[in-house]
Amino acid sequence: MKADTRLLHVGRHPHDHDGVVNTPVYRASTILYPTVAEHQASGTRRLEKHNLSYGLHGTPTHWALEDVIADLEGGDRCLLVQSGLAAVTVPLLAFLKSGDHILMADSVYTPARRFCDVLLKDFGVETTYYDPLIDADGLRRLMQPNTRVVYLESPGSMTFEVQDVPALAAVAHDRGAVVMIDNTWGVYTFDAFRHGCDVSIQAGTKYLVGHSDVLIGSVTVKDKHWEQLKTRGAMTGCYAAPDDVYLTTRGIRTLAIRLERHAASALKVAEWLRDRPEVEEVLFPALPGAPGHELWKRDFTGACGLFGVRLKPFSDEAVRNMIDGLELFGIGSSWGGFESLCIANKRDTIRTATTFDASRPLMRLHIGLEDPDDLIADLDKGFGRLAAIG
């Protein structure tokens, strides 16, 4: 079956729930056992799939979502946590220890950088940031004997660099490192495991939920990495609440049709923006001619609605005047919902391995489910306000 079909059917077992189409919400902490022996045996079964042993380790509500995400991503097992940031930090804690070294893309999600620079540093883990556009030879030169994790994010946050994931993964595996990727932009249009990744991270808060009302994260792995992720991940207590899991499962059933609309509308808006005299560059890998397009075309089967727009020289006041007056674009950070968003980069993007050109204003757009012609009209009026101040 194709992915669009599997999205609707994997994880659903109506006849296990008296014919109810969607797996009900199981709110549980304590699980009761008929005997002492069965209670004591439950502790040895926590790595088993669909094993009800304690609320912290999941219920049928969780299993329904874990199964569909693992299938969606091409992995074997999925761990649900309470936020996208937890989906980043839990596997890092699971696979790193004091004395280890991690290679982290310089374009990474800012809270992930903070985690490395503060907590991992406190724990004795060294982080080296690398150019996200590095080639295999460049990455090989940065590998150290104690490099345990190579962390990718493709496309990168705010600046949308597309990485050559298969080439970088091959280098990491040759040196015995685990390859992690933040695959939130790719959702299921990028097959992380087929391209060499070992751990696929998603902020399910974004497109999996799709309605801007839940915080949740997922970490998907193949079986060989499940025990290390599950046992150490459980120690963090990062538990996804059952009501949030249920809402995410409900959202994921319409993911295919939503993502198709997001991507198509984004491409139409991006094409229009590319021809605007105020725009220097559109950072949307799905747009022909945009940076990273050839790698995107090689490795991805689709896109989403998130991209960047680098403007020509305008004052920060002019950019604020443009964005503040938008009617259909909200000003907010957590993209992936049904609504369109627009934020301005603060021009202080943190880079330590590469140089970020802050001389041009950078906006990030999320194209929602509105009619793209209406969004274009809203942006057109915004450019009028931009030019009025200059």
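Figure 1. S212 sits in the loop between β6 and β7 (217-221), strands here being DSSP E runs of at least two residues and helices H or I runs of at least four, both numbered from the N terminus. The model is predicted, so that local features need pLDDT of at least 70 and side-chain atom pairs count only at pLDDT 80 or more, while totals for chains, interfaces and linings use all residues. Residues are numbered from 1 along each chain as its sequence is written, and side-chain values use heavy atoms, with hydrogens and water left out. Although S212 is not a glycine, its phi is positive, at about 60°, and with 41% relative accessibility the residue counts as partly exposed (buried is under 20% relative accessible area, exposed over 50%, and partly exposed in between, with a 1.4 Å probe and protein chains only). V187, in the loop between β5 (178-182) and β6, likewise is a residue other than glycine with a positive phi, near 50°, but V187 is buried, at a relative accessible area of 1%. Most residues other than glycine have a negative phi, and most peptide bonds are trans.

**Figure 2. The cis peptide bond between S154 and P155.** The bond that joins S154 and P155 is cis, with omega at about 0°. P155 belongs to the loop between β4 (147-153) and α7 (165-174).

Figure 3. Leaving aside residues up to four places away in sequence, L273 is in contact (heavy atoms within 4.5 Å) with V279, V282, F307, V309, L365, L379 and F383. In helix α9 (residues 242-252), the buried residues are P242, V245, T248, T249, G251 and I252, and their cover includes α1, α3, β1 (77-81) and α10.

**Figure 4. The largest pocket.** A pocket is an open set of points on a 1 Å grid over the protein atoms alone where a 1.4 Å probe fits, with protein on both sides within 12 Å along at least five of seven lines, and lining residues have an atom within 4 Å of a point. The largest has a volume of about 1,000 Å³, the space filled by probe spheres set on its points, which are joined across faces, edges and corners. Of its 41 lining residues, Y109, T110, P111, M158 and R364 are the closest to the centre. Helix α5 gives the most to this lining, with four residues, and α4 (84-95), β6 (199-202) and β11 (340-344) are among the elements that each supply at least two.

**Figure 5. The open sheet.** Five strands run in the order β8-β9-β12-β11-β10, with mixed pairing (two strands pair if DSSP finds at least two bridges between them). Because β8 (279-283) and β10 (329-330) stand at the edges with a single partner strand each, one side of each is left without a neighbour in the sheet. β11 and β12 (residues 362-366) pair in the antiparallel sense over four bridges, and C342 stands opposite L365 in β12.
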